[in-house]
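Okay, thanks everyone. I'd like to take a few minutes on one helix and the rings around it, so let's get the structure up on the screen.

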Amino acid sequence: MEEPTLRPAKNFSAENDANILRKAMKGFGTDEKAIIDVLAYRSCSQRQQIKSMFKTMFGKDLIKDLKSELGGKFEDVVLGLMMSESEYDAYELKRAMKGLGTDEDAMIEILCSRTNQQIKDINDTYKRMYGKKLEEDIISDTSGHFKRLMVSLASGGRMENQSVDMKKAQDDAQKLYQAGEKRLGTDESTFNSLLASQSYEQLRAVFDAYHKISGKDIEQAIKSEMSGNLEIGMVAIVCVVRNRPGYFARKLYHSMKGLGTDDKTLIRIIVTRAEVDMVQIKQEFQKQFGKSLEDFIRDDTSGDYRKVLLALVSQGGY
């Protein structure tokens with residue numbers, strides 16, 4: 001069961017919210033609290049309605065107004081909240097690939113964890129926003145086996161409603177064993193084809209069968225056979241297949257632990273999961289790290305940035 005921390009507001013009025021936001025930004029200074037109280041407590045589709053109502057009422061673009069009033073990481077969160085789900089994913093994928101260097105981590109997280117329908121929406125939105133196909137940008141920005149894995153995932157063709165076939169799981173596990181541990185060098189394409197195409201349920205059966213055949217966990221096997229981004233990508237698929245909230249809990253933990261904060265990851269996960277499975281992510285976080293996600297956010301962030309993140313992960317108040 002997936003449970004969100006953020007649910008649609010009851011008695012919602014786009015008109016009232018547009019008025020509150022206009023007032024919060026009008027004249028001298030900005031009322032950040034009012035902005036948080038509206039935007040962090042409305043669902044994504046409600047925020048889209050506020051955006052169009054704002055333009056209807058005031059002839060102004062809400063996003064532009066927010067950009068000119070806000071700054072820093074608080075602004076990054078608010079702008080993330082103002083996009084539709086597929087716009088934000090497309091925006092993050094574009095950010096991951098443009099300029100020097102590639103944020104492979106963001107690409108892996110998005111492409112490994114979204115459903116077929118979400119991937120289809122991301123592809124459509126990416127084309128609309130950037131005038132280029134997502135696949136073209138992936139191909140020009142990545143290389144080798146990692147490129148193939150990303151292209152596979154971006155095609156959004158995983159067999160989602162495949163019923164579990166134990167015999168096939170056995171055979172496929174044997175294939176993986178032959179492709180990896182059993183031979184010198186690794187046949188990456190066998191791993192790619194199974195990890196990218198089979199349903200989550202079927203893959204769980206494959207992983208169990210693999211463990212029986214090799215005595216090793218599939219994650220260990222991938223780590224010893226692969227390296228670099230390909231390894232990170234394939235391990236991410238395994239983690240998402242086994243426990244999606246657990247995967248995000250770990251990513252949140254690593255975004256904050258140690259020196260400095262990986263704010264882009266922290267913001268992206270909180271904005272994209274608050275309406276999906278944040279309750280489970282928080283439970284996993286507590287279980288794996290013995291401390292609440294809220295405490296980690298409190299220790300690692302400050303000001304309005306902290307307030308808006310806490311609002312999103314703590315149902316009804318912080």
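So, this is a predicted model, keep that in mind. Start with helix α17, residues 278-289. It has 12 residues, and at 1.5 Å a residue that should span 16 Å; the end C-alpha atoms are 16 Å apart, so the two agree.

What does the buried part of α17 pack against? The buried residues are M278, V279, Q280, I281, K282, E284 and F285, and they pack against α15 (228-256), α16 (263-273), α18 (293-300) and α19 (303-313).

Now the rings. Searching the whole structure turns up nine aromatic pairs. One of them is Y253 with F296: centres 5.4 Å apart, planes at 55°, so we call that one tilted. Y253 sits in helix α15 and F296 in helix α18, 43 residues apart, so this pair links distant parts of the chain. Both ends are buried, with a relative accessible area of 19% for Y253 and 13% for F296. For Y253, remember the cut-off is under 20%.

F296 has another partner, F285, and that pair is edge-to-face, 5.1 Å centre to centre with 75° between the planes. F285 is in α17 and F296 in α18, so this one ties together parts 11 residues apart in sequence. F285 is at 0% relative accessibility, so it counts as buried.

Put together, Y253, F285, F289 and F296 make one aromatic cluster. And there's a charge here too: K291 lies over the face of F296, 5.1 Å from the ring centre.

Definitions and conventions
Residues are numbered from 1 along each chain as its sequence is written. This is a predicted model: local features need pLDDT of at least 70, side-chain atom pairs count only at pLDDT 80 or more; totals for chains, interfaces and linings use all residues. Side-chain values use heavy atoms; hydrogens and water are left out. Helices (H or I, at least four residues) and strands (E, at least two) are DSSP runs, numbered from the N terminus. The expected span of a helix is 1.5 Å times one less than its number of residues. Buried means under 20% relative accessible area, exposed over 50%, partly exposed in between (1.4 Å probe, protein chains only). Contact means heavy atoms within 4.5 Å. Rings of Phe, Tyr and Trp (its six-membered ring) pair if their centres lie within 6.5 Å; planes under 30 degrees apart count as stacked, over 60 as edge-to-face and the rest as tilted. A charge sits over a ring if NZ of Lys or CZ of Arg is within 6 Å of the ring centre and within 35 degrees of the ring normal.
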